[in-house]
Amino acid sequence: MVYVDYHVHSDYSDDSWYLMEDVVKNAIQLGLEEICFTDHVDYGVKPDWKLGEEFQAGKNKEVKNVHYDLYFAELDKLAKTYEAEAEIKIKKGLEFGMQVHTISQFEKLYQSHDFDFILLSVHQIENKEFWTGEFQKGHTHKESYDKYYDEMYQLVTTYKNYSVLAHMDLVRRYLDKEVDMFEYNRDKITEILKVVIANNKGIEVNTSSSRYEINGLTPSIEILKLYHELGGKIITIGSDSHKPEHLGFNIKESKKMLKDIGYTQFCTFDKMEPIFHTL
């Protein structure tokens, strides 16, 4: 059984101080055979690094996007070092925290590098962050969900250079965690998933729900079942790790859960193409 983690953050993300090589070493210790680094880029709310600005590895406190030059250079270096000894495969990805008005910036970034894998996430809308509460302010839960899924639908119908939708019901983390409003959102989610499937894209199982004290999975088991019923086959599993204790969390348990739903395979990626593995 292939043991992989396809949502991994390092200190190149503004919310992590987990050194990239330490991630690799810890992954090897855990027995992971493949990891994909998916550090954060959130145009609209975070700037890029400018020439001459100093990135302090493991100590950076700047709220900025990935330092691309350093990020890709270190990824290449670690891949050569550790893959040469057949210890682990290291895949090259990013997490695109995309908004409709930032699509062109992400497309420029996508075209400027070679990728194995891209997570498409919705972390903010109209430059209003979920985690600060700014997006939800003045809106009912239903209104927040409506705006969230409307934005996601516009993104998947407009933008194609991604691999899977990350933590598809993420906004729930910042609303009432105990309440699963799947039935209210079913129609919007169905339309999104139909587009995802038609475009040969996928979704992920994000195993971070327990550490965020969410009652259920991310996305919910209802979304995972619906994706399966609609014919969805491309699915990845990732811990959304930012610290050593997150890495590889609940990956094996998630495989069993997917199998119980009826899935027979999960995916890794190489050069943006899905590779299917038996569950």
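**Aromatic rings and pockets**

Y12, Y43, W49, F55, Y71, F72, F96, F106, Y110 and F115 form one aromatic cluster. This is a predicted model: local features need pLDDT of at least 70, side-chain atom pairs count only at pLDDT 80 or more, and totals for chains, interfaces and linings use all residues. Residues are numbered from 1 along each chain as its sequence is written, and side-chain values use heavy atoms, without hydrogens and water.

Me: How many aromatic pairs does a search of the whole structure find?
Reply: Rings of Phe, Tyr and Trp (its six-membered ring) pair if their centres lie within 6.5 Å. Planes under 30 degrees apart count as stacked, over 60 as edge-to-face and the rest as tilted. The search of the whole structure gives 17 aromatic pairs.

Me: Are the rings of F130 and Y148 stacked or edge-to-face?
Reply: Their centres are 5.8 Å apart. Their planes meet at 65°, so the pair is edge-to-face.

Me: Is F130 buried or exposed?
Reply: Buried means under 20% relative accessible area, exposed over 50%, and partly exposed in between (1.4 Å probe, protein chains only). F130 has a relative accessible area of 1%, so F130 is buried.

Me: Which helix holds both Y145 and Y149?
Reply: Helices are DSSP runs (H or I, at least four residues), as are strands (E, at least two), numbered from the N terminus. Y145 and Y149 are four residues apart, so about one helical turn separates them. Both sit in helix 4.

Me: What is the centre-to-centre distance of the pair Y145 and Y149?
Reply: The pair is stacked, with 10° between the planes. Centre to centre, Y145 and Y149 are at 6.4 Å.

Me: Which residue lies over the face of W49?
Reply: A charge sits over a ring if NZ of Lys or CZ of Arg is within 6 Å of the ring centre and within 35 degrees of the ring normal. At 4.5 Å from the ring centre of W49 lies K64.

Me: What is the volume of the largest pocket?
Reply: On a 1 Å grid over the protein atoms alone, a pocket is an open set of points where a 1.4 Å probe fits, with protein on both sides within 12 Å along at least five of seven lines. Lining residues have an atom within 4 Å of a point. A volume is the space filled by probe spheres set on the points, which are joined across faces, edges and corners. For the largest pocket, that is about 520 Å³.

Me: Which residues lie nearest the centre of the second largest pocket?
Reply: This pocket is lined by 13 residues. Nearest its centre are D76, I90, K92, D116 and K271.
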